[in-house]
Amino acid sequence: MAVGSGQLRSALWSAEHHQQTAQEREDAVLSQPSNIPLLLSPDRDEDLAKLTEQRVPVFSHEIVPDYLRTKPDPEVEEQEKQLSVEAARIGPEVAQKQIQTLNKLCSNLLEKLNNPRDDRDSESAAIRQSKPSFNPADTNALVGAVAFGKGLSKCRPPGPVAPGHPGQGPMMSGGPTLQQVTIGGGSGQQAGMGGPVAPQQQGQPGKIPSSIKTNIKSASGSMHPYNR
Amino acid sequence: MEAPPVTSMPVTGGAVNMMEYLLQGSVLDQALESLLHRLRGLCDNMDPETFTDHELVYLLKGQQGNPFILRARRSLSHPTSPWHLRYLGQPEVGDKSRHALVRNCVDVAASHSLPEFLNEMGFRMDHEFTANGHIFRKGVMKIVVSKLSRILVPGNTENTERLSLSYLVELSGLAPAGQDTVSEDMRSFAEQLKPLVHLEKIDPSKQRH
């Protein structure tokens, strides 16, 4: 009992006569809300720099709006004013009801998040299976269309297409009409480009050789006129 | 006209070979909105961009083997923009573990006389279609959600008919030959879009047969 009361008395005494350590004194100075700036100077203050761990080296006009701010930003103040007007407008009963709804929603959500239930997982998986978001057959169809035109109408005109119609946009002749084009590799000769290839009439699958022979030789490095 | 695998060819001056990494999938119309919301969240913050393009695919048939394919694309929503000509090579079959379709890709811009030029060169248009939809970007990757329509009257892009009730979703990335880092990024992005869309490597040659 004596020891206990002695301890209690010493605890009360130190609470009354608490001698602050140097660090606590410094902290108290900075955390007191009634700081009044007496002097702003653009000079670097070493003591301040050391105190704030180099975060505030200069107590100047630039740091005033950030560090000495007591009111919120103007935009925030405006929003807060609007919110308080709104709150005053709706009346206390409505506000209370809204608070209760919010609390209920939050607690429901928390419960759902904190308690993973197995039946919940299986039911969501079932829902996902019944509503598939893609169709593999469609994937294949689309990929085929993009890759080689499966399902897109190939342009094969029934009659001959004369070569003298350059201004009609893409010509609609069929695919295999270039049998008379010889594409040879470069072999040191000069590259010769023949005239435009005349598409042939495709009355039957057989190829009709035409009298127009074109020689399109691909230009390789060896055919460069400036041989190095 | 099979070119040797590009990644094994040395880079001999001129431009570096660019490879396109591609993953494709589709999404039904009713799920489009949720996909767009998810993409808007996942992708870089930019204004939602829609596009309307008209693509023409030109073939050059030589005497041997496969025809040479060039794709010419123009924007219907920006009619004065240049045409975009693209060559896509055969898919690289080297690495089975690679998650995306990899093929050589050459892109150039062209003037509005491109169709006549290609015809003069000997190309013939094989098919055309219009694509319109949304485009998103995440770093190097590009995500295109598009609705494809076939053109009923050749040359008339007003009169179109939808190919299917789904939108095509393509995730693509361009990287110089040899660099494979894009592939990993694409795979993790594709994971994030499941289960809405399954983006996978679809080999077009398997589709044909």
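This is a predicted model: local features need pLDDT of at least 70, side-chain atom pairs count only at pLDDT 80 or more; totals for chains, interfaces and linings use all residues.
Residues are numbered from 1 along each chain as its sequence is written, chains are lettered from A and ligands numbered from 1 in the order in which they are written, and side-chain values use heavy atoms, with hydrogens and water left out.

A nonpolar core is a set of buried Ala, Val, Leu, Ile, Met, Phe, Trp, Tyr and Cys residues joined through side-chain atoms within 4.5 Å. Buried means under 20% relative accessible area, exposed over 50%, and partly exposed in between (1.4 Å probe, protein chains only). The largest nonpolar core holds 28 residues. Within this core, Leu35(B) and Leu39(B) touch the most other members. Five elements of chain B each supply at least two residues: strand 1 (18-28), helix 1 (32-42), strand 7 (141-151), strand 9 (166-176) and helix 3 (181-193). Helices (H or I, at least four residues) and strands (E, at least two) are DSSP runs, numbered from the N terminus. Helix 3 of chain B gives the largest share, 5 residues. Another core, of 12 residues, lies apart. Its members include Leu60(B), Ala110(B), Leu114(B) and Phe123(B).

Leaving out residues up to four places away in sequence, Leu39(B) touches Phe136(B), Ile143(B), Val145(B), Phe189(B) and Leu193(B).

Over all chains, 2 aromatic pairs are found. Rings of Phe, Tyr and Trp (its six-membered ring) pair if their centres lie within 6.5 Å; planes under 30 degrees apart count as stacked, over 60 as edge-to-face and the rest as tilted. Phe68(B) and Tyr87(B) are stacked, because their ring centres are 5.1 Å apart and their planes at 10 degrees. Phe68(B) belongs to strand 3 (residues 68-75) of chain B and Tyr87(B) to strand 4 (residues 83-91), 19 residues apart. Phe68(B) is partly exposed, at 26% relative accessibility.

Strands pair if DSSP finds at least two bridges between them. Strand 1 and strand 5 (residues 101-110) of chain B are antiparallel, over 5 bridges. Here Leu22(B) has Leu101(B) as its bridge partner. Strands 4 and 5 of chain B also run antiparallel, joined by 7 bridges. Arg86(B) stands opposite Asp107(B) in strand 5 of chain B.

In chain A, Glu53(A) has a positive phi, near 55 degrees. Phi of Gln54(A) is near 65 degrees. Glu53(A) lies in the loop between helix 3 (46-51) and helix 4 (64-67) of chain A. Glu53(A) is exposed, at 55% relative accessibility.

How values were computed:
Contact means heavy atoms within 4.5 Å.
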